[in-house]
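Here is a short briefing on one protein model. Keep the sequence and the 3D view open as you read.

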Amino acid sequence: MLTLSSSEARRLALASLGFGATRPKRAGIAHVRATARRLGAIQVDSVNVLARAHYLPAFSRHGAYRLSILDELAHGKRELFEYWGHAACFVPIDLYPLMRWRMESQVENWSGLDAKRKKYIEAVFNEIAERGPIAAGAISIAGKSTGPWWGWSDGRQAVEFLFRQGRIAVAGRRNFERLYDLSDRVIPAAVFNAPRVDEREAKKALLVRAARAMGVGTAKDIAQYFHIDGFWDRHGVGGRKPAGNLRAMFDELEEEGRLERATVEGWKHAAYVVSGARIPKSVDAHAIVSPFDPLMWERSWTRAVFGFEYQIEIYVPAPKRVYGYYVLPFLMGDTFAARVDLKADRKASTLIVHSAYLEPGRGEPDVASALARELRCIARWLSLETIVVGRKGDLARSLNRAIKSSAAYRADALDPG
């Protein structure tokens with residue numbers, strides 16, 4: 001059994017997730033493609049306070065790149081497809097056969113619908129077949145947005161139902177709105193017609209992909225990466241937990257030599273790594289990380305590996321927020337060094353730093369200098385001309401001085417918000 005110190009676990013996790021490599025002068029399609037393949041899923045989210053969440057993972061790892069590359073890989077080259085991975089995600093196309101069992105499990109919901117509802121959903125499907133690619137809101141029989149699901153119309157609910165079943169797929173987006181078409185017109189034929197992968201084998205393959213992406217984690221941690229026998233799968237069987245027997249699958253993967261059991265300093269439960277995993281001697285990461293990055297998906301795992309407590313406060317009432325609205329952690333070396341509340345004010349062409357907080361035990365001048373460099377990189381990437389640092393947070397003053405020291409950007413000590 002492999003034994004890992006806490007620092008080895010941190011380094012293995014960061015390197016596995018793609019942090020710490022030397023950044024290119026200008027990242028291109030190969031770097032974005034590599035990020036998607038390494039992670040196995042890039043979460044798609046509408047939050048656009050800084051940049052839409054799915055654009056940030058490639059930047060955090062490789063620096064500035066052309067934003068349209070990710071959309072091109074998904075909707076042009078069809079190297080990625082959209083589906084429920086960890087959440088709504090861009091997923092590498094080679095994982096499509098491994099997701100078919102999840103799509104098929106959603107068909108079980110069909111038996112619980114009355115004849116009228118089934119007929120309506122089929123009518124929506126037929127309209128997409130005739131008119132696709134089409135937005136849910138453009139369906140002629142969609143009805144009004146008054147339903148119980150986030151105010152969704154009957155048409156939108158039907159579309160989401162068909163999407164979960166894999167009968168339709170996202171063919172593209174228009175102003176971020178999904179455009180749907182029949183799956184066999186979106187997914188490349190060789191992939192769509194590939195032999196069905198047995199459900200248990202598909203789950204095991206996804207667990208290995210998750211372990212490779214995370215570097216190290218308990219069985220529960222690794223299963224949550226793609227929510228194997230989790231939320232999306234329970235959703236397909238009326239809320240009942242399916243009999244997936246995760247423990248048996250991990251035992252099989254260990255017996256097959258695909259995973260190796262490990263002990264990690266300070267962890268109560270056994271961990272797993274992919275067989276033959278190499279632990280880097282050092283990791284020198286400098287990255288501002290999205291709250292929707294796989295590094296932050298499961299707070300309990302992030303806390304166990306990095307000793308870092310984090311909560312996304314977008315959904316917290318303003319008076320109860322501790323650090324701010326859209327707070328992004330800052331990696332420096334192999335640990336978290338700070339967190340900043342950021343906003344891109346596109347009209348004013350300004351990157352606003354509402355607040356900046358130093359993590360315990362970190363040196364203020366060094367962190368401020370490194371964070372300032374990363375903020376300048378983000379500003380250039382997003383074509384923002386100015387960086388403005390507010391007064392909130394114990395790192396704000398030092399960060400403001402570090403920003404001002406660069407002639408490339410003007411920074412004011414005024415609190416922007």
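**Charges over rings**

R178 lies over the face of F163, 4.6 Å from the ring centre. The model is predicted. A second case involves R52: its charged end sits over the ring of F176, 4.2 Å from the centre.

**Helix α6**

- Helix α6 covers residues 115-131, which makes 17 residues.
- From first C-alpha to last, α6 reaches 24 Å, close to the 24 Å expected at 1.5 Å a residue.
- Y120, I121, V124, F125, E127 and I128 are buried in α6.
- An α-helix has 3.6 residues a turn, so residues three or four places apart point the same way.
- A115, K116, K119 and E130 are exposed on the other side of α6.
- What do the buried residues of α6 pack against? Their partners are α7 (154-165), β5 (168-174) and β6 (177-182).
- P133 belongs to the loop between α6 and α7.
- The peptide bond from G132 to P133 is cis, with omega near 0°.
- Most peptide bonds are trans.

**Strands and sheets**

- β5 and β6 run antiparallel and are joined by 6 bridges.
- β5 is largely enclosed by the rest of the structure, because 5 of its 7 residues are buried.
- Elsewhere, 3 strands form an open sheet in the order β2-β4-β3, with antiparallel pairing.
- β2 (42-43) and β3 (80-84) are the edge strands, and each pairs on one side only.
- β2 pairs with β4 (residues 88-92) over 2 bridges, in the antiparallel sense.
- Q43 stands opposite C89 in β4.

**A buried valine**

- V273 is found in strand β8 (residues 271-274).
- Is V273 buried or exposed? V273 is buried, because its relative accessible area is 0%, and buried means under 20%.
- Beyond its neighbours within four places in sequence, V273 is in contact with L2, L4, L12, G215, V216, L259 and E260.
- V273 and H227 are 46 residues apart in sequence. In space, their C-alpha atoms are 18 Å apart.

**Positive phi in loops**

- Most residues other than glycine have a negative phi.
- H227 has a positive phi, near 50°, and is not a glycine.
- H227 is in the loop between α10 (219-225) and α11 (231-234).
- H227 counts as buried because its relative accessibility is 17%.
- S349 also has a positive phi, of about 50°, although it is not a glycine.
- S349 lies in the loop between β11 (335-345) and β12 (350-358).
- S349 is buried, with a relative accessible area of 13%.

**Aromatic rings**

- How many aromatic pairs does the structure hold? There are 14.
- One of them is Y225 with F226, an edge-to-face pair.
- The ring centres of Y225 and F226 are 5.2 Å apart, with 75° between the planes.
- Y225 and F226 are both buried.
- W301, F306, F308, Y310 and F336 form one aromatic cluster.

Methods: Residues numbered from 1 in each chain as written. Predicted model: local features only at pLDDT ≥ 70, side-chain atom pairs only at ≥ 80, totals over all residues. Heavy atoms only, no water. Helix = DSSP H or I, 4+ residues; strand = E, 2+ residues; numbered from the N terminus. Expected span 1.5 Å × (residues − 1). Buried < 20%, exposed > 50% of the residue type's maximum accessible area, 1.4 Å probe, protein only. Contact = heavy atoms within 4.5 Å. Pairing = 2+ DSSP bridges. Phe/Tyr/Trp six-rings, centres within 6.5 Å; stacked < 30°, edge-to-face > 60°. Lys NZ or Arg CZ within 6 Å of the ring centre and 35° of its normal.
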